[in-house]
Amino acid sequence: MFWKSLFQVLVIIFTVIGTVCTILPSPNKIILVIVFFAVAAIFGISMPFLKVEIPKIDCSITSTPLNYVEGLPIDGVTWEKDFREYFLWVRNNSKQAEAYYLKIDMDMIGTIVKYEVSSQDGCEEIFFSRNTTNRFGRAEKGVITETTKLHSNNLQISTSKLSDEGHFKVRLVVKTSSADKDTGTFIIKYRYLNVGGDKIKQSIIYKILVKDKINKSLYIDTAHPIVGHFDRQTILTFGESIKITGECEPDSAEAHNNLGVTYAQAGETNKAIEQFTLALKSKPDLAEAHNNLGAQIVELDKAIEEFKLAIKYKPDFAEAHNNLGINYAKAGEQKKAIEEYKLAIKFKVDYEWAYYNLGVTYIQIGETDKAIEQFKLAIKYKPDFTWAHYNLGVAYKKQGEIDKAIEEYKLAIRYEPGFVEAYNALGVIYGQAGETDKAIEEFKSAIKYKSDYAEAHSNLSVAYKNKGK
């Protein structure tokens, strides 16, 4: 990158000097013009042959040898026997190439109890997000239309730039699982833009192994990572990990369910449905498989039936109640949706998505005060919940509390810099207040992150017209 930039500068300099020589009174000016233009041409022709370094991101998980006493409070976390402490290392090993818009997705069966930045150097501010809709589910105007959890735990870490030779380290306190028969993988997917704007995708898979079969002490096998590209069918390694652990036979219901989860996260819906169906054929009362199958089915009636079966076999299954509520809302049965969201919260008091979906439903039926209350509760349990901040802003605007709406939109952007809906909403507020310049800047920001954002383009056009009046 450095040499390419230098050659570009030299081409400009020698071209300018050659141009200036054409107006000199010197009898040798023709020779000077030829020489300087020739040198400029040489540098210009050489540029395509320069080797431009590509950022090389190294992601890895290391375990700490520390053993905490069970029941001891550590940084606000009461240590349990299955807890393990790990460090996620992210390094840019290139010397002259920066990585842009680096995003890391971690997905595992179990729970990430605590996460925090332990050290960093040469990177922009780091953002954390849990269970965001653009990774493991789809959203329409902030309403979740498919399950985002799929009986697993997700965490996204992002930074807008990681400089050459920069790094950051994230401390993770992990409880791999409390299930009797739990095996699987810890998957890390990361993607970033290089200096040429090309998107680079990689993935790493760590096996979750049983260290002590008597006490079911599980750990992430940090010594044997499997590195590959997103396009690689890493699904197969999940089956391999099941065989290695010996905790679950490959043809068991749990194995099919776990494999279905992995297919679902990879966007291979048909294969996921096939695996969930096989799981239920082997074990018809497996509530998790009914829930996961319902999340993949498009037909509302069939999806609702699967969620009902999940609840039949596991009445306190909060995720199934939440998903049933989502589908009732999609079917236009808001009252039933509200009942299911409340049941989800009853069985899982800190279930931020249930509070959020309940708030969205209240907005739909015009009960804005109740919606605000639910969005606040969602944020209480998940302070960086961008969609909750955004919809809280929408609710505040409906009530005419513009300053509070602006504050919530800005918080959504703070936690997710590419949140185009929040930029657009801010632009609309500024435009309505007559602050046209501010509105234009917000619409431009929305388009910067989503070039084909039609609504922002339309609003920007109107703002320019208003400015010209």
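A residue is called buried when its relative accessible area is under 20%, exposed when that area is over 50%, and partly exposed in between, with a 1.4 Å probe and protein chains only. By that criterion, 49% of the 469 residues of the chain count as buried. The model is predicted, so local features are taken at pLDDT of at least 70 and side-chain atom pairs only at pLDDT 80 or more, while totals for chains, interfaces and linings use all residues. Residues are numbered from 1 along each chain as its sequence is written, and side-chain values rest on heavy atoms, with hydrogens and water left out.

**Overall organisation**

The chain holds 17 helices and 14 strands, where helices (H or I, at least four residues) and strands (E, at least two) are DSSP runs numbered from the N terminus. With contact meaning heavy atoms within 4.5 Å, 62% of the contacts between residues at least 6 apart in sequence join residues at least 24 apart.

In soluble globular proteins, nonpolar side chains tend to be buried together. A nonpolar core is here a set of buried Ala, Val, Leu, Ile, Met, Phe, Trp, Tyr and Cys residues joined through side-chain atoms within 4.5 Å. The largest such core has 73 residues, of which Tyr356, Phe385, Tyr390 and Tyr409 touch the most other members. A second, separate core of 29 residues includes Ala99, Cys123, Val170 and Ile200.

**Strands**

Strand E4 (residues 83-92) is mostly covered, with seven of its ten residues buried. Strand E1 (residues 57-63) runs antiparallel to E4 and is joined to it by seven bridges, two strands being paired if DSSP finds at least two bridges between them. Within this pairing, Asp58 has Arg91 of E4 as its bridge partner.

Most residues other than glycine have a negative phi. Tyr101 is partly exposed, with a relative accessible area of 39%.

**Helix H8 and its surroundings**

Helix H8 (residues 300-313) has 14 residues and spans 20 Å from its first C-alpha to its last, close to the 20 Å expected at 1.5 Å a residue, the expected span being 1.5 Å times one less than the number of residues. Ala303, Ile304, Glu306, Phe307, Leu309, Ala310 and Ile311 are buried in H8, and the buried residues of this helix pack against helix H6 (269-282), helix H7 (287-296), helix H9 (318-330) and helix H10 (334-347). Beyond its neighbours within four places in sequence, Glu306 is in contact with Leu280, His290, Leu293, Gly294 and Ile297.

**Polar residues under cover**

| Residue | Helix | Relative accessible area |
|---|---|---|
| Asn391 | H13 (residues 386-398) | 9% |
| Glu352 | H11 (residues 352-364) | 13% |
| Glu306 | H8 | 14% |

The side chain of Asn391 is joined to that of Tyr356 by a polar contact of 2.8 Å, that is, a pair of N or O atoms within 3.5 Å, of which, within protein, one must be able to donate a hydrogen and the other to accept it, residues adjacent in sequence counting only if both atoms are side-chain atoms. For Glu352, the C-alpha atom is separated by 7.3 Å from that of Ile379, 27 residues apart along the chain. Glu306 and Leu293, 13 residues apart in sequence, are 6.9 Å apart in space, C-alpha to C-alpha.
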